[in-house]
Amino acid sequence: MRALSRSVKGLTVLVTGAASGMGRATAAVFAADGANVAVTDYNGEGAEAVAREITGGGQKAIGFKLDVGDKDAIEAAVARTVEAFGGLDIVVNNAGIAESRALEDPGYEDYWARAVNVLLTSHQRMIRAALPHLRKSSSPRIVNIASTEGLGATPRNSAYSAAKAGVIGLTRGLAIELGREGITVNCICPGPINTGMTKGIQDEHKAIFAKRRTALGRYGDPEEVAHMTLSLCLPAASYLTGAIIPVDGGLVAKNG
Ligand code: NAI
């Protein structure tokens, strides 16, 4: 039997949207396991603050602004990470925006363009920029964060659902394309999670929704998703690719 490592210690990860919520938790769990972490976010000050927060135990992290809607900025962020840590092994495409818009609402067209750019196009651009470095890694891993909204849908959310379904398709397509090189590409579909994105929903409404829709009867916490992301990025996770994994308290499993 081969000994496969269950640690990302010494590997380098770049996380997008890491100033808040699941991205922040992801940066923290990777740092706690000894990875070098590039904490990036549209909110540059927030990214810097998270990098400071997670280096408390002597871990290595850098934090800086990255708008994933900007192709050149993505390429620069990859270069900056490689310069700081000497390589790049893992990419976590996590940054996201969510707005409620019905098809005929004013602004639908604009939101569609932004949602597709930030939630989907950014993933392929980040992966393309990272690829030359992932190819040099002993354990190259890509995790894309989609949503249970990419598997089903709720009202007034079609642009978001379409972009997230696109992330699922991109994950499968690139898993097939990059598989022969040993690069794994997997996708997590979070269900309802307590983050910045859902903080505007009243606790009472969250509780009603979670009891009705999830098996566990509650919202999830960001670290419960982050630990799944870490698991998918372990050197030991070398035979898992093209997987679409709901981390949703049983939401997609529940019909009644
Ligand atoms: P959050 O709002 O706490 O964090 C999202 C982060 O992305 C923020 O720090 C924000 O500044 C950043 N961001 C937004 N636009 C950006 C851009 N153009 N470039 C770089 N960073 C940008 O939200 P959360 O929930 O942690 O979101 C993480 C991912 O999880 C998103 O892709 C979201 O769509 C997805 N998701 C969230 C769910 C939830 O219930 N919270 C459920 C399913 C999926």
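1. Burial. Buried residues make up 50% of the 256 residues in the protein chain. Buried means under 20% relative accessible area, exposed means over 50%, and partly exposed lies in between, with a 1.4 Å probe and protein chains only. The model is predicted: local features need pLDDT of at least 70, side-chain atom pairs count only at pLDDT 80 or more, and totals for chains, interfaces and linings use all residues. Residues are numbered from 1 along each chain as its sequence is written, and side-chain values use heavy atoms, with hydrogens and water left out.

2. Surface. The accessible surface of the protein chain is about 12200 Å². Carbon and sulfur atoms hold 52% of that surface. Areas come from the Shrake-Rupley method with a 1.4 Å probe; for residues, only the protein chains shown count as cover.

3. Fold. The protein chain has seven helices and seven strands. Both are DSSP runs numbered from the N terminus: helices are H or I with at least four residues, strands are E with at least two. Along the sequence the pattern reads β-α-β-α-β-α-β-α-β-α-β-α-α-β. The radius of gyration is 17 Å, close to the 18 Å that the globule rule gives for 256 residues, so the protein chain is as compact as a globular protein of that length. That radius is taken over C-alpha atoms, and the rule is 2.2 Å times the number of residues to the power 0.38. Along the principal axes, the C-alpha atoms fill a box of roughly 45 × 40 × 40 Å.

4. Contacts. Contact means heavy atoms within 4.5 Å.

5. Charge. The protein chain carries 27 positive and 25 negative side chains. The centres of the two sets lie 6 Å apart. Lys and Arg count as positive, Asp and Glu as negative; His and the chain ends are not counted. Each charge is placed at NZ of Lys, CZ of Arg, CG of Asp or CD of Glu.

6. A salt bridge needs a side-chain nitrogen of Lys or Arg within 4 Å of a carboxyl oxygen of Asp or Glu. The count comes to seven salt bridges. One of them pairs Lys 71 with Glu 75, with the closest N and O atoms 3.1 Å apart. The two are four residues apart in helix 3 (residues 71–85), about one helical turn. Lys 71 is partly exposed at 35% relative accessibility, and Glu 75 is partly exposed at 39%.

7. Loop-to-loop pair. Asp 105 bridges to Arg 156, with the closest N and O atoms 3.0 Å apart. Asp 105 lies in the loop between strand 4 (90–93) and helix 4 (108–134), and Arg 156 in the loop between strand 5 (141–145) and helix 5 (158–178), so the pair ties together parts 51 residues apart in sequence. Asp 105 is partly exposed at 23%. Arg 156 is partly exposed at 42%.

8. Network. Salt bridges that share partners join Glu 99, Arg 101 and Arg 114 into one network. In the Glu 99 to Arg 101 bridge, the closest N and O atoms are 2.9 Å apart. Glu 99 is partly exposed at 24%, and Arg 101 is partly exposed at 23%.

9. Asn 117. This residue sits in helix 4. Asn 117 is partly exposed at 23% relative accessibility. Not counting residues up to four places away in sequence, Asn 117 touches Gly 69, Ser 122 and Arg 125. Asn 117 and Ala 31 are 86 residues apart in sequence and 29 Å apart in space, C-alpha to C-alpha.
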